[in-house]
Amino acid sequence: MEELKISAHTFNLYFDCPRAFYYNMKNYLQLPIDTEQLLFGSTIHNIIALFYEKLKTSNIEDLDRLWDDVYKECSNYVTNKDENRIAKIKQNFLAFERRRRENSGNDYLVEQRFEAEIQYNNHKIRIVGVIDFYDRQTKTLVDWKTGDTFLSEHKYVFQAHIYKLLLTKNNLDVNKIIFFNLDTGQHVPIPSVSEKFFNRKLNEILNSIKNNCFPARKCYLCKNCPYRIRCEFEGVSIWQIGL
Ligand code: SF4
């Protein structure tokens, strides 16, 4: 097996459909992306990153005002479309930050890229990923979510532990992992999983890669997947179609 680089967020894709994961990993045709939703999410991440950067380098105490200033700097046509949604996100994020500050300080990492190497049957797998927020004092890892994400799904639990692996392999301990939905204020502590569970899931993916076995799995992605026709007609000969 060649040395492989996998980004942490694409592991989710494997649990939806191994074949879509494979295409994504190989940079074949990508699954169509809702560009507005992507832009919305990345803008919110940028706002939060700049918010923390300014908070760290100044003595600003008025968090409301800080958010508004940063928002003016980073907003765009997509975020400006929905003022109510932005107001809600601001409210939820500031409530989170006020609560966090009661127990912790300004020692944190924001939007930081990490890499970690794991060995699998004498082969190297390089995992890369960006950690949204890590509080060094409380050793809490936070992943911001926007939109309708069902956070308790197994795939997200696994993803959270991949992020944890990225940190621990870089000598940063993790006591708690939280997925925080900025739209709803829902705050989901991710349960710890046993090493056995984690390794089983990881090995499932690594075995697929080793054996080059990526079965198609029908899921919500199929509707817009560029490989839909191929999957639907796989194994069907032209004579069976009855042309
Ligand atoms: S069409 Fe569905 S089953 Fe086929 S690769 Fe795409 S997501 Fe997977």
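**Strands and their partners**

Trainee: Which residue is the bridge partner of Lys-145 in strand 5?

Mentor: Lys-145 has Asn-181 of strand 5 as its bridge partner. The model is predicted: local features need pLDDT of at least 70 and side-chain atom pairs count only at pLDDT 80 or more, whereas totals for chains, interfaces and linings use all residues. Residues are numbered from 1 along each chain as its sequence is written.

Trainee: What makes strand 4 and strand 5 a pair?

Mentor: Two strands pair if DSSP finds at least two bridges between them.

Trainee: How is a run called a helix or a strand, and how many does the chain have?

Mentor: Both are DSSP runs numbered from the N terminus: helices are H or I with at least four residues, and strands are E with at least two. The chain has 10 helices and six strands.

**Exposure**

Trainee: Why is Lys-176 called partly exposed?

Mentor: A residue is buried if 20 or more other C-beta atoms lie within 10 Å of its own, exposed if 12 or fewer, and partly exposed in between, with C-beta atoms placed from the backbone. Lys-176 has 14 other C-beta atoms within 10 Å, which means that it is partly exposed. Lys-176 is in strand 5.

Trainee: What contacts does Lys-176 have?

Mentor: Contact requires C-beta atoms, placed from the backbone, within 7 Å of each other. Leaving aside neighbours within four places in sequence, Lys-176 is in contact with Thr-140 and Pro-189.

Trainee: Does Lys-139 count as buried, exposed or partly exposed, and which class does Asn-171 belong to?

Mentor: Lys-139 has 14 C-beta neighbours inside 10 Å and therefore counts as partly exposed. Asn-171 has 6 such neighbours and therefore counts as exposed. Lys-139 lies in the loop between strand 3 and strand 4, and Asn-171 is found in the loop between helix 7 and strand 5. Neither is a glycine, yet Lys-139 has a positive phi of about 55° and Asn-171 one of about 65°.

Trainee: How do you know that the span of helix 7 agrees with its number of residues?

Mentor: The expected span is 1.5 Å times one less than the number of residues. For the 15 residues of helix 7 this gives 21 Å, and the end C-alpha atoms are 21 Å apart, so the values agree.

Trainee: Which residues of helix 7 are buried, and what do they pack against?

Mentor: Among them are Val-157, Ala-160, Ile-162, Tyr-163, Leu-166 and Leu-167. The buried residues of helix 7 pack against helix 1, strand 2 (108-120), strand 3, strand 4, strand 5 and helix 8 (195-211).

Trainee: What makes a set of residues a nonpolar core?

Mentor: The members must be buried Ala, Val, Leu, Ile, Met, Phe, Trp, Tyr or Cys residues joined through C-beta atoms within 7 Å. The largest such core has 24 residues; those touching the most other members include Ile-131, Leu-141 and Ala-160. Helix 7 gives this core its largest share, seven residues. A second, separate core of 10 residues includes Ile-48, Ile-89, Phe-93 and Leu-182.

**The ligand shell**

Trainee: Which residues come nearest to the ligand, and what classes make up its shell?

Mentor: Of the 13 residues around the ligand, Cys-17, Ala-216, Cys-222, Cys-225 and Cys-231 come nearest. Ala, Val, Leu, Ile, Met, Phe, Trp, Tyr, Cys and Pro count as nonpolar, Asp, Glu, Lys and Arg as charged, and the others, Gly among them, as polar. By these classes the shell has nine nonpolar, no polar and four charged residues. Helix 2 and helix 9 (228-232) each supply at least two residues of the shell.

Notes:
A residue is near a molecule or strand if its C-beta atom, placed from the backbone, lies within 6 Å of it. Two residues are in contact if their C-beta atoms, placed from the backbone, lie within 7 Å.
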